[in-house]
Amino acid sequence: MTDVISGTRSGMSWLPLSSSGEGSRFTQDLLDRVRTWAQDHLTQPLDAIGREGPVCPYVGPSMRRDLIWVGRVAGAQPWPAYVRLVLSDALELFPKLPPDNGGSAVLRCLVTAMPDLHDYTIIDDLHDELKTEFVERGLMLGQFYPGCTQPGLWNKQYHPLDAPIPMLVVRTMMATDFPFLLERPEWMSAYVKKFAPGLPAHVRSVVVGRLIASVNADVPAYHLEEQVPQKVSAGRNQR
């Protein structure tokens with residue numbers, strides 16, 4: 001089993017999703033809830049998505065390799081400054097998570113959950129405030145909570161971030177994240193910096209158009225194409 005991860009400034013601890021008998025009963029209850037949601041929903045196919053395959057093709061491999069860590073921020077109204085500090089720790093810790101190389105490195109995931117939260121404004125506010133900082137480091141910061149209305153890529157009526165537990169999730173940026181980064185030039189710049197050598201021609205065209213276009217100018221449209229999940233190699237560093 002992988003080790004517990006601790007933040008140096010916030011004092012926050014993230015436990016491996018596979019943990020059993022560690023932490024408080026509240027933490028164990030959270031781990032059980034996240035595992036159940038992952039196993040019963042994220043790793044299963046769903047017609048509403050509009051494509052074949054599981055809801056998230058990476059969660060199953062991540063769980064098998066024990067590469068998901070979950071931390072709990074207690075309280076119905078956590079102090080925003082503290083949660084911001086927790087996410088700052090997450091940003092610094094993520095690149096140091098094992099394994100730091102090989103195919104499995106892209107499967108790492110750091111979940112900061114707020115299971116007692118009822119007002120989800122803090123989730124959206126901190127996501128909007130901090131996403132750029134994460135993207136510039138080659139990472140994605142995702143916001144999940146009950147009733148989140150962000151539409152899916154393949155079916156706009158499906159809401160993939162509608163989750164039973166409020167949380168902010170850090171993961172590695174994937175080449176398939178391009179549609180989530182079109183909104184702002186700095187996000188596209190970070191994407192190009194990371195993936196430029198292997199970008200498909202139609203993606204390069206859209207990126208260049210968005211980066212050089214003036215306000216209100218017409219730019220190439222991005223037409224979503226079926227993407228095959230990146231294959232994870234079986235290296236010695238896998239778990």
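**Entry 1. Salt bridges**

I looked up Arg35 and found its side chain in a salt bridge with that of Asp32, at 2.3 Å from N to O. I counted as a salt bridge a side-chain nitrogen of Lys or Arg within 4 Å of a carboxyl oxygen of Asp or Glu. Both residues belong to helix H1 and stand 3 residues apart, about one turn of the helix. Helices (H or I, at least four residues) and strands (E, at least two) are DSSP runs, numbered from the N terminus. Arg35 counts as buried at 18% relative accessibility, whereas Asp32, at 38%, is partly exposed. The classes are buried under 20% relative accessible area, exposed over 50% and partly exposed in between, with a 1.4 Å probe and protein chains only.

I note that this is a predicted model, in which local features need pLDDT of at least 70 and side-chain atom pairs count only at pLDDT 80 or more, while totals for chains, interfaces and linings use all residues. Residues are numbered from 1 along each chain as its sequence is written, and side-chain values use heavy atoms, with hydrogens and water left out.

My search of the whole structure gave 7 salt bridges. One of them joins the side chains of Asp89 and Arg9, at 3.1 Å from N to O. This pair links distant parts of the chain, 80 residues apart: Asp89 lies in helix H3, and Arg9 in the loop between E1 and E2. Asp89 is buried at 2% relative accessibility; Arg9 is partly exposed at 44%. I also recorded Arg171 with Asp177, whose closest N and O atoms are 2.7 Å apart. Here Arg171 is partly exposed, at 29%, and Asp177 is buried, at 3%.

**Entry 2. Sheet and helices**

I traced an open sheet of 6 strands in the order E1-E2-E3-E4-E6-E5, with mixed pairing. Its edge strands are E1 (5-6) and E5, each of which pairs on one side only. Pairing requires at least two DSSP bridges between two strands. E5 and E6 pair in the antiparallel sense over 6 bridges; Gly142 has Val169 in E6 as its bridge partner.

I then examined the helices. H1 lies across E2, E3, E4, E5 and E6, and runs at about 135° to E3. H3 packs on the sheet, touching E1, E2, E4, E5 and E6, and its direction makes about 55° with that of E2. Contact means heavy atoms within 4.5 Å. Axes are lines fitted to C-alpha atoms, for helices over the stretch in contact, and angles run from 0 to 180 degrees between N-to-C directions.

**Entry 3. Nonpolar cores**

I looked up the largest nonpolar core, which has 54 residues; Trp14, Val70, Leu87, Leu110, Phe134, Met167 and Val170 touch the most other members. Elements that each supply at least two residues of this core include helix H1 (25-42), helix H3 (80-93), helix H4 (121-135) and strand E6 (167-172). Apart from it lies another core, of 14 residues, among them Met140, Met173, Leu182 and Leu199. A nonpolar core is a set of buried Ala, Val, Leu, Ile, Met, Phe, Trp, Tyr and Cys residues joined through side-chain atoms within 4.5 Å.

Leaving out residues up to four places away in sequence, I found that the contacts of Met167 include Trp37, Val111, Ile123 and Phe144.

**Entry 4. Cysteines**

I searched the whole structure for disulfides and found 0, a disulfide being a pair of cysteine sulfur atoms within 2.5 Å. The sulfur of Cys56 has its closest cysteine sulfur in Cys109, at 8.1 Å, which is too far for a bond. Cys56 is partly exposed at 24% relative accessibility, and Cys109 is buried at 14%.
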